[in-house]
Structures are given as C-alpha cells and as structure tokens.
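Q: Could you show me how to read the features of a structure, one at a time?
A: Gladly; let us look together.

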Amino acid sequence: MSNPPTQPETIPPPKRRKLRSRLLPLFVVMALGVPGGFLAARIIHIPLVETLDTYRPSVITRLYSRDGRPFAEYAIQRRMMVSKKEMSPYLINALVATEDANFYVHGGIDPRAVARALYKDLVTGKKAEGASTLTMQLARQVFLTPEKSWRRKINEVFLAIEIEKYFTKDQIIEMYANQVYLGDVYGVEAAARHYFGKNAKDLTIPEAALIVGMVQRPAKLSPISHPKESLDRRNHVLGRMLAENYISPDEYRDAIRTPIVLGTYKDEAPDVGAYFAEEVRQYIEKNYGSDELYQSGLQVWTTLDLRLQEMAEGALRDGLHRFDKRRGFRKPVRNVIDEGIEPEAFEDPAWDDTPVANKPYGAVVTAVQKDHIEVKVGSQTLKLAKDAWGWTRKETLAKSVKRGDLVSVRLAIDVKKKTTSWMLDQVPQVEGAIIVLDVRSGEILALSGGYDFERSKFNRAVQSLRQTGSSFKPFVYAAALERGFTVADTVFDSPMSITLDTMTYAPRNYDGEYSGIITLQQALEKSINVPAVKTFMLVGANPVIDLARRCGISAPLPPYPSLALGAAGVSPLEMAAAYNSFANQGVYARPRYIRRITDATSKVLEEGTPELAEAVSVQTAYLMTHMLEGVVDRGTAYKAHVVPGGVAGKTGTTNGFTDAWFIGFTPEYTIAIWLGHDDPAKSLGGGATGGEIALPIWLDFINRIDEAKLRGTPKEFDVAPGVVQVPMDLKTGRRGEGPCAKVVMGAFLAGTEPSQDCNGGSVAVSQLPFYLQRPAFGAPGSEPPGVTPLAAAATSSTNRRRRLGKNAGDDFDDLVARQRLAQPGIGAGAREHLFERLLREVGDQDDRDLLLVRLRFEYLAQSVALDAGQVDVEENHIGCIRREDVVELDPTRGGEHGAPFTLEESAGELEHEWVVVENENREFVE
C-alpha cells in the first residue's frame, strides 16, 4: 500500500524578490518624498535655521546670594550653558567617537553611515541602526519632533545641510552639547555637576565617557538608578575612543579599571532661604512672566546673606522648639500598626542616609521600656534614654507612647563638647517669622516666614497682618517728640475710660497697677499702656498715623486710641522697616530683595538701588533710638542689655497673648521677631510675652552673629547734631542733681533739657532771657544782705511759708528751657486739649487740684510771662496765677466740668493781680 501523496512544501521566495518588494516602496517614497521634502524644507523649515544665531534653549534661572553663591533654581529643563572652551576635550572626543565619527569631514549627513544603516534596516525588516549625525540630531532636538517617520528623516537631512552652511563645526558641537538631554538634566555642564560634582571642563576620561554614554538612553543609563548598565555603556564609549585614536591603549586600560565615583557639586543650591526665594520667584514671574522665569536662564543677584540666613533660620527653629517644649509633650497622633504596617517594615520617604543636624526626622517606635524607648530612623535603630527626653519632665514614656507610634527625633549638636546625639523631639505647633535688614540700605539680609517651608508655604513675615501690641508705642512717642514733647515730660498714669460714640474704651495696664505721674521715658521702658493712650490722645491720631506712614507702614491704621496699644494688623516686614527708620537716622529705606537681574548672556535687565525717603528728622530718630535703648537698659527688654555696642528695641504682646514681638536694632542690623499661631484667635498661653519668648530668639541670633564676628567691633549709635545728653530723674523728669529717685541719661534737643534739679531748684536760670529770670530772683532789695536770691528762695521757710514767685519762676524756667514757645504747631489749643483731657479722667478732687497745678504754667506758657515779684502763700496753698488768666484757665466755662479748684484773693500788696489756687491737704507739688 503506497503512502498518500503529501502536500508540497511552501518554498520562501528568493531574497531578491523580498528585497525587491521592500525597495519598491522606498523608491516610490524617494521619488515623491525627496522632492516634496526638499520643497517643504525650503519653504517651511530652512529659514528657521537662521534663528539658531539667537536661539537659546531653556536654561536654569538661578538665585545668588550677595556673595555670589547660588541658593535656589527654577527651570523646566535643568540646563546651564557653557562654551566649547569650557568643556573637557575628552567630552568632545567621546561625543564624536560614539555619535558621529566622521563629524569633522561630512557636510551634515554621512553617506556611508546612511548606506550602512539603510542596508541593515532592509535586511532586518526594522530600524536596527540609525544614521543620524550630530548635526542631524541637533536639527531634530531644536526644530523637529522625536517621531520616527520618513518625512521627519527627510526634513532632518535638509535641515542638517543648512545648519552646516550657517555654522562652524565648533559652533554645532557646542550647541549640541548644551542641548542634549542627560537624565535629570540638560547639557553637559549640568550633567557634570549633577553626577560628578564638578564643571564640564574638569571631567576625566572615564567621567566624560559615562556622560556621553547616557546620550543613547538617558533614563536607562543613569549611574544613579542603573549603575551596572551605565558602567557597561561607559566602557563601550571608551572602546570607541580607543578605536578612533582619541585615547591611547594605556589610557583606555586605566579608564576601564576606574570605578564610578559620583559627587555633589560644591556650589549646588543650599537648602536655606526658601521663603526668601519664593518672594523673589513671585516678583520675577509677575514682572517678567513665567517663560522668562522657567526657560530664559535669568541670573538674579539678591540681597540675601547666606550666613545670616542660616543663623536666622536656626535661631527661629530653636526658639520655636524651646517654646513648644515648655508647653509639654504631646502624645503621637499616628500609629502605623493601626494602619496594618509593622514598625520594622515602615519606610518614611523623608528618611536620609546622611541625617542633617538639628533637622527633625520622623521615627517609628519599635519598643517601649520603662527607662528608654527604641525608634527606627532609616536603616538605624536608636535607643533613646531619659537624657534624650528629659525635657518632657516625665519619669517614663510608657504611658505616653507605644509601639508603632510616629514620633519626631533630632540629631542635636553639643557645641562645647563637639558631640552629637539623637533626642526625642516634636514639631512645634506655634509659628514665627524673622527678618534681618541692613540698616543703611534696607536690604533684606535674611528672612524666614515660618518653621518649615515644606510644611507651610505661607510667608508670615510678609503675608500676615498681626496685631503689634506694645511694639507700636514707639510711633506714638515719636509723634509726640516731633510736636515738642521731651522724654522728661510727664503724664498721669491712672485708670481711665473713653466714650467713643456708644462704646466705652477703658485701657488697662498689663500688671493692673498704676504709677501716678510718670515720665514718657519710663512709660515706654516699662511699656505701660495708659500713658501711651494718653500721649496718643494728646498728640492726636492723625500725626501718629502720618508718622507711621512715613516710616513705611501701609497697613490700615484705625484712628482710635486703641491704635496706641497696637490694635492694628501690620506685617513683620513692615514693622522691621519702620523701626529701621529710627536706626537709619530718620531715613526710611524700602526693603528690597534684588540687587541685579541679568539674562543668560549677562545683559543687565534690572539694577536695584536703595529707595530712600526722609521719615523723621535725624534728631527725632536719635531721640527715639535713645528712648528705645532705655527699654533695653532698664525696661521690658532688659535681657538684651548684655549685648555689646548700641542696642535699642521694643517688646510687644497683644491681648490674650495671641502675638509676641521683639524688634531690636544695632547700628548695623534691624531684626524683627514675631511668634503666634496661624489662627489669630488662638492664644500662646499665659505669660507668653514678647520679652519671654520673642526676645530670646533675637538674643540667640545676635549671639550667633557675634560668635561669627559678622558685626566687627560693636559700635554705639551716632549722636545726632543738636542733641545733648544730660542726667535726669527717671520718675520726675527733673535734672539728675540732688536727692533723685533714679538718675539716667536722657537725650534732648539742645535747650530743651530739664532745668530744675530734684530739689526743685533752678539749674539754668542764668541761661534764660532776662524777663524770665525776674520771677525767680524776686523784687530788688527783698533778700537779706549777703544772701543770693536763689539761695534765699531755696532756704527761706519762715512760718512754713513758701515764696510762690520762686516756684512760679522754676516752672517757667523748665518750660522755656524746653523751648515750648519755639515749637511749631503747639498752640494754646493743644495745651487746652491736654488740660481738659487729663482733668476729665481724674475723679478725686485733691488729685484734680494737683493735676491742675501741674498743667497750669504749661498751659499758659504760650502767651504769659510773669513779671511780678514775690508772692507769699500759706502752706495749704499750692499755687497762684494771674487773675486776668483765670477765665482762660477755668475749665468750668461751658459747664462741662465741675470746678477742680477754688480761687482766693492773695495779699493786698499785689493789688489783686494774683489769685491763689488752694488745696487744703498738700503743699505745692511739681
């Protein structure tokens, strides 16, 4: 039985037929496509080649500190442009050897490479090998898309030919090297810095080969993520360099044996100044646009001092941690076991194999014992004994944490012992801000708007408007100084209430105590509220607001008495700039971030210059500075008195302890500190005053500056021309001679210093005009022989009677010495306002009489000069006044007030020219 016939085997067609079938469409494409492509290239694409003259690929916008160090970058493509001279010759040779061996001899396309690639593609039936020259790759990167099609290839060919016509080989390879994508970055310079921590010109043979090897497949050949593949490709490039005679066999063998050693560029942007950088970024985007910011490679030279910025951020973080720890340890709120994760298997993306000191890290608790806990941080397991969490004031943490809890730890540095140790920590809930200004220029040297930019990008230094508390008081007193008041002037510190429309405002002092008659200097030093409000009312709301505006405060300022106590919301940056006006001898310097902006070709686009304006006179600025020095020397900022050199400043605390401030300045720096919660209604807690929590941060920062010797030899403030310093009694404002309560140095405009000593005697009568000396000396011939008029006036006490003429003379002596009559804008109306306002607030009859006597001669000093002789007054009489002026002085006119005093005719020898102000309980009181 024969086998059935089998089907004939299918015989493949001859190769010639297969090749013919493949070549046919190619010939059709070439017949139709080449002319069409050539025409399209001529009409559409070729003119674009000319734009390479001005073409600038997207490059990094970099922010530099004042000493030229970069600290922030913005880019879509991380790229840095360099010339061919700034590239290693090994890099250029590796590019040519690997990507285009005939680069220097072809005219844009390599015919042999095209033929070779075409043959392999036809044989394999797929695109197995490319034939693109470096010029063609440049054309594709700049003008075309990465799609693989014959149309793109044809355009690429003609564009490459045109590029070769317009540019030299060196220009082409330079453009290519700056354009090429190399993993996370673009261009060889950025790649050299990113992978090896050096400039492109310093690359070695194996380093250059590795970077060039990445051109083929950047993501798959990265030495960071694919070190083995990167090494193999590097060695291939080295082989090509050897084959093309760019390196010798010995160099090849050495390079092959060299391991891959990555590095970090020494000038890479430091991790500081994030809040500052964001302000600059917003400015550039607003004024130049997003394209310029992210693609044009702007170079922004800022005012930031990186050393001060690092110190400022450190001082603020440490201060927030100190305050937060004072409030106690908070139990963890997250437990990974509750999420189904074993602590040993938990991984935090923020963990770093090389932890940074004083930076908080999340840690997972793996074990809890009575005397210690164990936590995992990265690959480490740490044992934290009691000394690591002693700040919690707990004997054991067994009841506070449990296995699986997420806690915070920090690698602390002991500067004295030069050791580090891990400590249990917690991220503060309270926020803060710090601003450091250069006094003369107003440049922002350091700025931080919160604890951590990554946690919250809200910039509290600039964007928040917070009540300023007592830190606003200097503007009230500065406005008073402008209107002729002196630090020796006094107000009556007592409970008060003010009716405003249908509401009653009753300011109270912080400690609930009242000092009676007190000088403006002491009122500011002790930060007493009522005298500040009274001074505000004496000066008026508009002058205070006007002065604050001149000092740069643009925030809304309501014209109410509560403004004196900081009821208005102002940003910390504006407050810092306003205080800087006092430090800068009365000149307001607008805060600025930027010194200069250039484009990628170093063309200057913007040159920043200080914006200055006179805020107050140099004399007023110094008087205010000297008052604020008193706050440091004796007042609420006394902790800062140990700082060498001139230091002035003011604390601030708001109602309910919602905001705490300290703004202080030296001749070099103005530094503002603010602490509070983002919720303005949330209290910091009892006792959280500016002096207790903000001032220590300021001190920590200034101490860091001095340890680094960034201030040089600390200086004192320059005394303004026309200003004198004399001893004065802090309580009464009299000249600091005799039995004074507390003598301090007070600053005065020359001629306005106190002229009465603490005994009440005149110390400057001889300097007054003659007509003002007469009341002090009395009528001719009235004194015993051999006794000087002043001595007689000071010692005569027969029958416990006083010489009113002497007292009156001393009052005028004091007033005229203070140049009240010479101050512009201080008329009788202002004195009457002072008189009525204060009388209205004094309820006790005797106190009102004393207050009246205190104001009597100041009120009349605008138009009255005593020319009478002596007046004898009984001990129960406290003063006298001209009868002709009683109607002007009497506050009973109009029936608004009850009579605070009684009038009685004086001795007949004066022919009823004088009347007596009587008080049955006290003698004449200053």
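**Reading exposure and salt bridges**

Q: Is lysine 228 buried or exposed?
A: The idea is to ask how much of a residue is left uncovered: under 20% relative accessible area counts as buried, over 50% as exposed, and anything in between as partly exposed, with a 1.4 Å probe and protein chains only. Lysine 228 has a relative accessible area of 58%, so this residue is exposed. Before going on, keep in mind that this is a predicted model, where local features need pLDDT of at least 70 and side-chain atom pairs pLDDT 80 or more, while totals for chains, interfaces and linings use all residues. Residues are numbered from 1 along each chain as its sequence is written, and side-chain values use heavy atoms, leaving out hydrogens and water.

Q: Which residue does the side chain of lysine 228 meet in a salt bridge?
A: Side chains of opposite charge can pair when their charged atoms come close. The term needs a side-chain nitrogen of Lys or Arg within 4 Å of a carboxyl oxygen of Asp or Glu. Here the partner of lysine 228 is aspartate 232, at 3.3 Å from N to O. With a relative accessible area of 43%, aspartate 232 is partly exposed.

Q: Where do lysine 228 and aspartate 232 lie?
A: Helices (H or I, at least four residues) and strands (E, at least two) are DSSP runs, numbered from the N terminus. Both residues belong to helix α9 (residues 227-243), where they sit four residues apart, about one turn of the helix.

Q: What does the salt bridge between arginine 460 and glutamate 431 link?
A: In this pair, the closest N and O atoms are 3.6 Å apart. The bridge links distant parts of the chain, 29 residues apart: glutamate 431 is in strand β11 (residues 431-438), and arginine 460 is in the loop between β12 (444-448) and β13 (466-467). Arginine 460 is buried, at 0% relative accessible area, and glutamate 431 is buried too, at 3%.

Q: Which parts of the chain are tied together by glutamate 668 and arginine 711?
A: First, their side chains form a salt bridge of 3.7 Å, N to O. Glutamate 668 lies in the loop between β24 (659-665) and β25 (669-676), and arginine 711 in the loop between α20 (690-707) and β26 (723-729), so the pair joins parts that are 43 residues apart in sequence. Glutamate 668 is buried, with 13% relative accessible area, as is arginine 711, with 6%.

Q: How many salt bridges does the structure hold?
A: There are 39 salt bridges in the structure. Some are joined up: Arg66, Glu443, Arg592 and Arg595 are linked in a network.

Q: What does the chain look like as a whole?
A: The chain has 26 helices and 32 strands, and 52% of its 926 residues are buried. Contacts (heavy atoms within 4.5 Å) tell us how it is joined up: among those with a separation of 6 or more, 70% are between residues 24 or more positions apart.
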